[in-house]
Amino acid sequence: MKTQRESPPARSRPLRADAERTVTAILEAAERTLSRDPAATMEQIAEAAGVARTTVHRRFATREALIDALAGWATERFAAAVDAAHPDTAPPLVALYQTTANVLGVKVSWGFAMSQASSVNPEVARVHSDVRDTCERLFRRAQEAGVLRADIDIPWTRRVYYALIHEAAQNRAEEDTATVATLVVDTLLRGAGTPHPDRL
């Protein structure tokens, strides 16, 4: 006779909506607080989140656990930002601009968290590997469409592109994201593009 399947243990269930909102508030407060002061305490983060210190400790046992969770949260948003640009299906030039704008948005909003995302973390490493592969596919599509020159080295161009985004996020964070994304793409294409990629 079949027995009724047991419910999974409570810890494996998704967070309730109110608990999820609390975690989100803590992580957002942690990003704001630690961006201003990387040495900020759990108490300061709790105050910024508008919750009791015990609430923060109930969700994150240590400061290190909170920072690890923050890095994971930002990494998820980084991956989602790339996916949202439809890099494998949108016209290459459109996809390149939208990917740039989306990633800049994450890097500016979650700068501290992104800086804490360690490549020794398997999930972080997987996400960055997937994004690297996606970026190189996009560059190949752009090359086939004539947006990028046929003779460029794609891995090298990707690294240059990454460097441009990093520099823009670090030094132009106060500017409009769309404007900075246009600047990054324009800088990349003037070095690696055909003379008039906008005419394609």
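User: How many helices and how many strands does the secondary structure of the protein come to?
Analyst: This is a predicted model, in which local features need pLDDT of at least 70 and side-chain atom pairs count only at pLDDT 80 or more, while totals for chains, interfaces and linings use all residues. Residues are numbered from 1 along each chain as its sequence is written, and side-chain values use heavy atoms, with hydrogens and water left out. Helices (H or I, at least four residues) and strands (E, at least two) are DSSP runs, numbered from the N terminus. Read along the sequence, the pattern is α-α-α-α-α-α-α-α-α, and the totals are 9 helices and 0 strands.

User: What percentage of the residues in the protein is buried?
Analyst: Buried means under 20% relative accessible area, exposed means over 50%, and partly exposed lies in between (1.4 Å probe, protein chains only). Of the 200 residues in the protein, the buried share is 38%.

User: Of the contacts with a separation of 6 or more, what share comes from residues 24 or more positions apart?
Analyst: A contact means heavy atoms within 4.5 Å. Among contacts in the protein with a separation of 6 or more, residues 24 or more positions apart account for 67%.

User: At what angle do helices α1 and α2 pack?
Analyst: Axes are lines fitted to C-alpha atoms, for helices over the stretch in contact, and angles run from 0 to 180 degrees between N-to-C directions. Helix α1 covers residues 17-36 and helix α2 residues 42-49, with axes 8 Å apart. Their packing angle is about 120°.

User: Which residues of α2 meet α1?
Analyst: The α1 side consists of A25, I26, A29, A30, R32, T33 and L34. Ala, Val, Leu, Ile, Met, Phe, Trp, Tyr, Cys and Pro count as nonpolar, Asp, Glu, Lys and Arg as charged, and the others, Gly among them, as polar. On that basis the residues of this contact divide into 8 nonpolar, 2 polar and 1 charged. On the α2 side they are Q44, I45, A48 and A49.

User: Why is α7 described by its particular orientation to α8?
Analyst: The axes of helix α7 (residues 122-144) and helix α8 (residues 154-171) come within 10 Å and cross at roughly 115°. Angles under 35 degrees count as roughly parallel, over 145 as roughly antiparallel, 65 to 115 as roughly perpendicular and the rest as oblique. Therefore α7 is, relative to α8, roughly perpendicular.

User: How is α5 oriented to α8?
Analyst: The axes of α5 and α8 come within 10 Å and cross at roughly 45°. That angle makes the orientation of α5 to α8 oblique.

User: Which residues of α8 make the contact with α5?
Analyst: From α5, the residues are L96, T99, T100, V103, L104, K107 and V108. By class, the contact of α5 with α8 has 8 nonpolar, 2 polar and 1 charged residues. The α8 residues are Y161, I165, A168 and A169.

User: Is Y97 buried or partly exposed?
Analyst: Y97 lies in helix α5 (residues 92-109). Leaving aside neighbours within four places in sequence, Y97 is in contact with A178, A181, T182 and V185. Its relative accessibility is 28%, so Y97 counts as partly exposed.

User: What is the phi of H86 near?
Analyst: H86 lies in the loop between α4 (63-84) and α5. At 48% relative accessibility, H86 counts as partly exposed. Its phi is a positive value in a residue other than glycine, near 50°.
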